[in-house]
Amino acid sequence: MAQAISPPEAPKETRTGRYSSDAAGLGKARAGVFVAPALLLVAAFLVFPALWVLYLGLTNYRLTGAAAAEPEFVGLGNLLGAVADPAFWNSTWLTVQFVLGSAVIGQVGLGFTIAWLLRDRRGPLKRLVEGLVILAWILPGAIVSFLWVALLDRDGGTLNALLGLPGFAWLLDHPMLSIIVFNTWRGTAFSMMLYGAALSNVPPSHLESARLAGASSWQQLRDVVFPHIRGHILTNLLLISLWTFNDFTPFLLTAGGPDGKSEVLAVHVYKVALQSGELGHGAAVSTIILLINLVVAVFYLRLLRSRR
Amino acid sequence: MTRFVLGRIGFSTLVAVLLAFFTLPLLWLVTAPFTSNPTYEVTVPDFTWDNFAAVVEHPYALPSLWNSVVLSAGTAALVVAFAALAAYALSRVRLPGRDALLYALLLLSSIITGTAAMVPLFQLAVELNLIDSQFGLILILTGGLLPAAIFMLKDFVDATPQSYEESARVFGASPLQIVRHVVVPLVRPGLATIAVWAVANVWGNFLMPYLLLSDVRKQPAAVITYTLYTEGGQANLSMLSTFGLLYSIPVVLMYLFVSKKYGFRFHGGIKR
């Protein structure tokens, strides 16, 4: 992008004094003022809620009723209550299936496959495939979830029409499978682009010599490609696991139902806290989600650091 | 030779399956809006404009698109302005505790999600009287996006040379003038990236407005879509498909614009 400034040919004074990166002479005070508004908003709407969720989890706060006016401190009661709740474990198990199925197997597998298939290609076919995959990723969640409701509809749905299975209720009979395939479709773009960038960094000469030595495609992948992109794979796995784990979109497809059969943790919090009004209980579940996020994020950041 | 042919066949089959998988769900969105009385079935449209007329007449449909514009534009403007100031200061001035702050910001942005924070955010909004306030929602969304935005922008600022700023200073420009007239033009691609990223984020966000806006006149398109198909249990398909198409077009245009102008690729940070 061309810039519209021509720098004045200033006689470059050799300024005495320590080298400083503060070229505009901002100074610490003004720098503080520059940072303040952002930090204020982050503190108010990100840090404070996180701390508050820890506190709320220790009370019997409710949305309505007596406990809404004067919440009592119940200590670890909620946390223990949440953990003792079979619905929580059901949700946790469903979330594990959701993350493993749609993120680890679905998005990583499919994303890598597409990137690998299209690695040496240029032209309209590549643009078409990439464009469609990215389209699934950028369309608003409310729309794509409805498109899938239409696709999977038991009577007029396109899928049943194609498979010749009129009356098969995918969302009712196989809610988890539905949201797993849906989320794979929805999120593959990120992995595809990440692996596309990673594969372009694999030196072609290495692949060439492996081919000349008679390595099969699978051997080339295993011995040349994977060692090169191991860091990308880890990054990708951690990020999409984190995102999928916190994803609320399944709610739009199945609303957690039927009978909680697709109630992943994100939906579970919503149902407990805001539909049943048990804010304290919901906050305790949120605390657990925060802790899991923290573990994954710290692991990811350590990984980034060790690679620098 | 047979291996080569088999390879070609395998490749074509795989690509065809992929194309089908990614196209199938989208078909309905491009056919139903132009079909009179659409069902869930994908049929050849009879090219009617009646559905669009119905959307225009719906009391909340078009206003909700406008609400989405207000929310995304407002959030993007705040995110860009605050992130730019903070990123510049953090990049150029060694504030005490800067590295720890950056690390904390990065950590925060990835662990505190709408899911984990929905209860306290709802409470906070009630306490601060921000329920049903679009401005309040903009502030909350901005707070959520800022850490990642600061991080991405700092990469951009770090990569710009300081010589322009030094020259401007030699000519007696004040720090604020330097930031406005020298730094901002230099990092404009970075600002544009952040703005597009923020708009895309807010445009599709369902959870926060769903939680915090109960007045149907203030709700953005994401929430209105949902009300269109749960109202009375029966989905209004002609309405929904047409509205969905209108709601999707802006993001598609934005994607085309961005990929044409910058190439839709990863910037710094994420890649390694």
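This is a predicted model: local features need pLDDT of at least 70, side-chain atom pairs count only at pLDDT 80 or more; totals for chains, interfaces and linings use all residues.
An α-helix has 3.6 residues a turn, so residues three or four places apart point the same way.

## The nonpolar core

The largest nonpolar core has 158 residues, and the members that touch the most other members are Val79(B), Ala83(B) and Ala86(B). Helix 3 of chain B supplies the largest share of this core, with 15 residues.

Ala86(B) has contacts in both chains: when its neighbours within four places in sequence are left aside, Ala86(B) is in contact with Phe34(A), Val35(A) and Ala38(A), and also with Ile150(B).

## The contact between the chains

Where chains A and B meet, 89 residues of chain B are in contact with 82 residues of chain A. On the side of chain B that touches chain A, the largest share, 14 residues, comes from helix 1 (residues 2-31) of chain B. By residue class, this side of chain B divides into 65 nonpolar, 15 polar and 9 charged residues.

## Leu29(B)

Leu29(B) is placed in helix 1 of chain B. Because 21 other C-beta atoms lie within 10 Å, Leu29(B) counts as buried. Not counting residues up to four places away in sequence, Leu29(B) touches Leu147(A) in chain A, together with Ser241(B), Gly244(B), Leu245(B) and Ser248(B) in chain B. Between Leu29(B) and Ala149(B), by contrast, the C-alpha to C-alpha distance is 32 Å, with 120 residues separating them in sequence.

## Overall form of each chain

Chain A has 14 helices and 0 strands. Its radius of gyration is 26 Å, whereas a compact globule of 308 residues would have one near 19 Å. The C-alpha trace of chain A spans about 75 × 60 × 40 Å along its principal axes. Of the 308 residues of chain A, 41% count as buried, and residues 24 or more positions apart account for 67% of the contacts in chain A with a separation of 6 or more.

Chain B has 12 helices and 0 strands. With a radius of gyration of 23 Å, well over the 19 Å that the globule rule gives for 272 residues, chain B is more spread out than a compact globule. Its C-alpha trace spans about 70 × 70 × 35 Å along the principal axes. In chain B, 44% of the 272 residues count as buried, and of the contacts with a separation of 6 or more, 72% join residues 24 or more positions apart.

Key
Residues are numbered from 1 along each chain as its sequence is written. Chains are lettered from A and ligands numbered from 1 in the order in which they are written. A nonpolar core is a set of buried Ala, Val, Leu, Ile, Met, Phe, Trp, Tyr and Cys residues joined through C-beta atoms within 7 Å. A residue is buried if 20 or more other C-beta atoms lie within 10 Å of its own, exposed if 12 or fewer, and partly exposed in between; C-beta atoms are placed from the backbone. Helices (H or I, at least four residues) and strands (E, at least two) are DSSP runs, numbered from the N terminus. Two residues are in contact if their C-beta atoms, placed from the backbone, lie within 7 Å. Ala, Val, Leu, Ile, Met, Phe, Trp, Tyr, Cys and Pro count as nonpolar, Asp, Glu, Lys and Arg as charged, and the others, Gly among them, as polar. The radius of gyration is taken over C-alpha atoms; the globule rule is 2.2 Å times the number of residues to the power 0.38.
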